[in-house]
Amino acid sequence: MTQESSHTMNATTAPTTGRPLLEVTDLEVSFHTQNGIVNAVRGVSFSLNAGESLAIVGESGSGKSTSATAIIDLLPGTGKVTGGSIRLDGTELVGISRAEMEAIRGSQIGYVPQDPMSNLNPVWNIGFQVMETLLANGIAKSRKEAEAKAIQVLQDAGLPDAGKRLRQYPHQFSGGMRQRALIGIGLSSQPKLLIADEPTSALDVTVQRVILDHLNTLTRELGTSVIFITHDLGLAAERAEKLVVMYRGQVVESGPSREILANPLHPYTQRLVAAAPSLASRRMQAVKSHENVAIAAPTAALDLTLIERAEQREEAATAASPIISLRDVTKQYKIRTGGFKTELFTAVDKVSFDVHPGTTTAIVGESGSGKSTIAKMVLKLEDVTAGNVLVDGTDVTAIRSAKDVLAFRRRVQPVFQDPYGTLDPLYNIAQTIAEPLVVHGVGTAKERTARVRELLDQVSLPVSTMSRYPNELSGGQRQRIAVARALALKPDVLVLDEAVSALDVLVQGQILNLLTELQSEMGLSYLFITHDLAVVRLVADSVCVMKSGQIVESATTDEVFDSPREQYTKDLLAAIPGAGIELGA
Amino acid sequence: MPNNDSRSPEHYVAPLDETPLLVIDKVDENAKPSNLWLDAWRSLRHSPIFWISSSMILFILFVGLFPFLFTNEPPNNKCDLDNSNGGPEAGHPFGFTKLGCDVFARVVYGAQPSLTVGITATLLVVIVGVILGALAGFYGGFFDTIISRVGDMFFAIPVVLGAIVLMQTLSGTRNALTVALILSIFAWPQVARITRGAVLSAKNSDYVTASIALGVTRFRVLMRHVLPNSLAPVIVVATVSLGTFIVAEATLSYLGVGLPSSVMSWGNDISQAQSSIRTAPQTLLYPAGALSLTVLSFLMLGDVVRDALDPKARAR
């Protein structure tokens, strides 16, 4: 890694005449909204030399994407550059005509969008879409030439059998393949600058790593400068030499990545560095193996307690009998294969594991691994095809009478992923949290109100939230409400299905902190479903790694992180962004 | 302002007083409370079209309920053939019909049957459509197939055509209620379809799954979470179709298969006016104008309500 980056540094010094490739100074972007003008980007300045890579890091709404899309004049809606300058190779880009910008887009600045699923037109084959770019940018003169070039582009993008792939349509490509094609399109005219807007956040971690590695190789070969837009500080530091940290439309800190990680000076960056799970997990790993850690120690109290607690986990021995126990659980779905034929699809295949009282068991896996199906079966929202799901010794499938089901529901409660869908938009917060109490006939109206206040206090929200509606709250706040609702009946087990995955890092840290606090206060057991191993490191006592419906590895968190047995687990661990960051002197 | 010469990758830090930190994820306790209906109301409140259309509707409803406040002319008693097709004169601002009846009085009294048909048919359609659509969407499977296919069969028949055929057989018992009933027989599938779609999307929300996991029964989930979240599009369709039912009633009456000619309704008046359109245009103009204004009011209301209930359509 170090050798590679020094190599790039040398390469960059050659062509430049002291002038940076891209120079953004005092950029101002504003949007017209119903409530007046909103300044989304205020006085942003950064610069990038040829061949360098730069990452703009920030939470959602920090203006990171807006700054990047302003460079190629692709601002959404009413967005407008209202001040400052953007110079590419000395040429001013602010205020140039649409035709001039179109000539620059593609040929000089390439763009890789965020969502590979919606950024390829489903009605045209891949070849057409690549050739369109080549012809539009004058890279190829004739269709024949374009086709030959298109094959080359896809090959370079790492798609095997490119000649055949040209005739295929986007739906025949996996997410990773689509993103490769998009990167290929973005780089097809060998632009000087490539803007990658969260290029891999929609992909599985292992795919993410391969794609980023490949992007890295390609841009280094071509000498292309890259701007990454990302919310993941670990990924940013690993993939870019320079960091620009944005907060509420302003740059709060910028400079060499390693230096910022090692010595964040702005309080916001300090918070961010402390809260990033990928970095925290890396830090814990380093401490264990007595490495000399160059990443700043956590400063925010928030994360310190989280890590301390995580480190003390091993002491919490698990002697009691399991509260949840899965024995050879299998779930099969019938899927229609056209006509009246159906085929059996095994989503979960003979899975066995235990959750001990007061501990957290994480189930980690990529999309389609069957981890959410397990959550649904434990919650008795899906039937079990074969095997047993035991909750405190009782087989869940055997619970049939309405009264017993109700009693079961009281003990096992879920928190879901999407904070925007988890609360009924027509119920205010008090009604939402009180619903379980009403359904189970707990207490009088007055007692229920008291309990709602108590629960809001437990999830650290002010009592005034009671009269609010979900759409007035942020994602993190909604997730707190979801936790409060789940806790209303004083359950033994919470099933957290990607409960923090959709949240910004700092908010995620807060919720994780809240969850660990609640666990130690109430002795809750968590079944923690996630795709993010870094988060697992912070909260889980034991881990089950799932792949295609089966558990490939199951052990304590420390065992999995220190000495993974299976190759798949090793791949997952290596794919945690930031894992490749050099530590030590 | 940041003034870093980042030609050399120097470590730049913004001054803290220019980039103050906020408490992470703080609840804004001063914000105005809002939800779908409150937001819709705020948007409606500023819409002139909403105020115009709703005050017109209120006025028409008032006329329909208390016609005697607007004219002291008992409408059918005082028809005098001497006044046949007469123009406006003092006390009779709209002139007279062929039979010498006061047009103004007839228009005022004609509001009631038209509105009765419109409102009753809309209520019936909404009740039947919402119940069937919600059951089909929520329980799915066999139930859904039956309801959807039966709905499709009715949907294929044009409302007016179906109503003409059925009304023919009811020659003895034609009144506002039977007209409304017949119209709703052919109009319910539209509401059922819309409800079904809205229910389908609402039932897959996490809050529904969360409620089931809380132990709420399926029926209660449907009533308390799914249905309330599916009603917005139904309200829009209901407002618009109220207007179209009034038109349908007029059409049927014009064709002689709607309300009996003894009932004063705009449709009947238009029908009777056709023989004297050239000599006495007022006999057609006023009932037709009243009909158009009423329908227009409901259509406009439906339009603004749709925009208010759809956050995407609302001006940003």
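Student: Which residue stands opposite A:Phe228 in β8(A)?

Tutor: A:Ala55 is the residue opposite A:Phe228 in β8(A). The model is a predicted one, in which local features need pLDDT of at least 70 and side-chain atom pairs count only at pLDDT 80 or more, while totals for chains, interfaces and linings use all residues. Residues are numbered from 1 along each chain as its sequence is written, and chains are lettered from A and ligands numbered from 1 in the order in which they are written.

Student: How many bridges join β3 and β8 of chain A, and in which sense do they pair?

Tutor: Two strands pair if DSSP finds at least two bridges between them; strands (E, at least two residues) and helices (H or I, at least four) are DSSP runs, numbered from the N terminus. Here β3 (residues 53-57) and β8 (residues 225-230) of chain A are parallel, with five bridges.

Student: What is the strand order of the open sheet?

Tutor: The sheet has seven strands with mixed pairing, in the order β6(A)-β7(A)-β8(A)-β3(A)-β9(A)-β10(A)-β1(B). Because β6 (109-112) of chain A and β1 (12-13) of chain B stand at the edges, each with a single partner strand, one side of each has no neighbour in the sheet.

Student: In which sense does β1(B) pair with β10 of chain A?

Tutor: The pairing of β1(B) with β10 (residues 250-256) of chain A is antiparallel, over two bridges. Within it, B:Tyr12 in β1(B) has A:Ser254 opposite.

Student: How many residues does each chain give to the contact between chains A and B?

Tutor: Two residues are in contact if their C-beta atoms, placed from the backbone, lie within 7 Å. By this criterion, chain A gives 57 residues and chain B gives 39. On the chain B side, β1 and α7 (206-213) are the elements that give two or more residues, and α7(B) has the largest share, seven residues.

Student: Which helix lies across β6 and β7 of chain A?

Tutor: Axes are lines fitted to C-alpha atoms, for helices over the stretch in contact, and angles run from 0 to 180 degrees between N-to-C directions. Helix α7 (residues 175-187) of chain A lies across β6 and β7 (193-197), at about 170 degrees to β6(A).

Student: Into which domains is chain A divided?

Tutor: Domain bounds come from an automatic or database domain assignment. Chain A has domain 1 (2-120 + 173-268) and domain 2 (315-420 + 492-574). Their C-alpha centres lie 37 Å apart, and seven residues of domain 1 are in contact with nine residues of domain 2.
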